[in-house]
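Please read them with the coordinates open beside you.

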Amino acid sequence: MDKKDIFISAIKENESFIYKIASVYTNNSDDKNDLVQEIIYQLWKSFDTFKQKSTLSTWIYRIALNVALYQLKLSNKRVLTIPIDEQILNTQGTDNSEDDEKWKIFKYQIDNLNLLDKAIVMLYFDNKSYDEIAEIIGISKTNVGTKLLRIKEKLKSQINKNM
Amino acid sequence: MKNTWNNQSDKTQQENFTSKIIDQMTQTKYNSKINRIAYPEIIGSAICVLATIFIGFNFYKLDTIFLQGVGIVSILVLLILSIVSILSIRQLKISKDFNKPYVEVLKIFATQKLEFYKLQKINITLSYLLLVTIIILLSKFFSGKDITDSKYFWTFSFSFGYIFLVFFTKFVTRFYKNTLKKSEELLQELQP
């Protein structure tokens, strides 16, 4: 297996997370596709710097999150939050499935978190262990636990407020 | 929420990248947007440098000490503005290390944001100063007249300048208030 084959298979294994990061950090499908391309391009460019100190998946998650953050800074766009009613109104009469609506509500809740909490909770939802989250984010395992507790409370209170 | 996140995985499987697309992207044909970001800063710096050269070449037309002083101030402001632009490109390049832990990149960006807003205020003040000095210089270069002989010029430029600076500083502070607050809060949270 040559370098490119290893890279392609690693991307294939983790593409679902790359797409989801792109969906969370952007607001339309064009920006999303641009970000996915940028993430894959930067991963390819940095592939030689992967030192196997961590797993390939952990490394991909870290690079993907950093590229998303970088793109967000450069585009100078804040991820806009659309009021929930407006979001639901916009989906009426279209072919969007129930899952799409759920995703929009999910995104609305996530967008209200700061960039650190947003990344932690995405990794948590993606079934990453506390150790892996700590390694990707660069904080201690205990800190991950504490932050996740606070994030869950914050999300609960946000959801209750909107109900 | 976890279910919604996991359900989204099934959707992404449908729109996944084919090996062919990845193959195309890993070729040099793909132009990274990140590399294109510095263009506005480069153009800005180039304009400042060209204006400096223009003033330098026409400096002999400035026949009084006052006008020569105005010329020197203009050149200095233009150089400062282009140095600020170059420094901001350099900052972007320095922080472009995607191997760093996420929290470190966040810290760098939050700090840069705070510094950027401080620089914005200085830039606005300098830009206004430049506007006044450039009007004086252009009038001398192209019509040979010293516009500063007119008392209306000074009355207008000082009163307008004062109003402009007060309003603009308030606008900048109000415009960036939330972003500044968020950056400060994030930095506080990132403290070990």
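1. Of the contacts in chain A with a separation of 6 or more, what percentage do residues 24 or more positions apart account for? In this predicted model, such pairs make up 60% of those contacts in chain A, and for chain B the corresponding figure is 79%.

2. On overall make-up, chain A contains eight helices and zero strands, so that its pattern along the sequence reads α-α-α-α-α-α-α-α. Chain B has seven helices and, again, zero strands, and from the N terminus its elements run α-α-α-α-α-α-α. As for burial, 33% of the 163 residues in chain A are buried, while in chain B the share is 16% of 192 residues.

3. The model as a whole scores ipTM 0.74 and pTM 0.68. Chain A has a mean pLDDT of 78, with 85% of its residues reaching 70 or more, and chain B has a mean of 75, with 73% of its residues reaching 70 or more.

4. Within chain A, the element with the lowest mean pLDDT is helix H4 (residues 84–91), at 38, and the one with the highest is H7(A), at 91. Over residues 77–94 of chain A the pLDDT stays under 50, and for this stretch the model has 19 contacts beyond four places in sequence. Where pLDDT is low, the predicted coordinates should not be read in detail.

5. Helix H6 (residues 115–125) of chain A packs against helix H7 (residues 130–137) of chain A at an angle of about 145°, their axes being 10 Å apart, and the crossing of H6(A) and H7(A) is right-handed. On the H6(A) side the residues are Ala119(A), Ile120(A), Leu123(A) and Tyr124(A), and these meet Ile133(A), Ile136(A) and Ile137(A) of H7(A). By type, the residues of this contact divide into seven nonpolar, no polar and no charged.

6. Ala119(A) and Ile133(A) are separated by 14 residues in sequence and by 9.0 Å in space, C-alpha to C-alpha. With neighbours within four places in sequence left aside, Ala119(A) is in contact with Leu65(A), Ile137(A) and Tyr102(B).

7. Tyr102(B), a contact of Ala119(A), leads on to helix H6 (residues 102–143) of chain B, which has 42 residues and reaches 57 Å from its first C-alpha to its last, close to the 62 Å expected at 1.5 Å a residue. Tyr102(B) is among the buried residues of H6(B), which also include Val103(B), Val105(B), Leu106(B), Phe109(B) and Ala110(B), as well as Leu130(B), Val132(B), Thr133(B), Ile136(B), Leu137(B) and Lys140(B). Just after H6(B), Gly144(B) adopts a positive phi of about 75°.

How values were computed. Residues numbered from 1 in each chain as written. Chains lettered and ligands numbered in written order. Predicted model: local features only at pLDDT ≥ 70, side-chain atom pairs only at ≥ 80, totals over all residues. Axes fitted to C-alpha atoms, helices over the stretch in contact; angles between N-to-C directions. Helix = DSSP H or I, 4+ residues; strand = E, 2+ residues; numbered from the N terminus. Left-handed = near helix turned anticlockwise from the far one by under 90°. Contact = placed C-beta atoms within 7 Å. Nonpolar A, V, L, I, M, F, W, Y, C, P; charged D, E, K, R; others polar. Expected span 1.5 Å × (residues − 1). Buried ≥ 20, exposed ≤ 12 C-beta atoms within 10 Å, placed from the backbone. pLDDT = per-residue confidence, 0-100.
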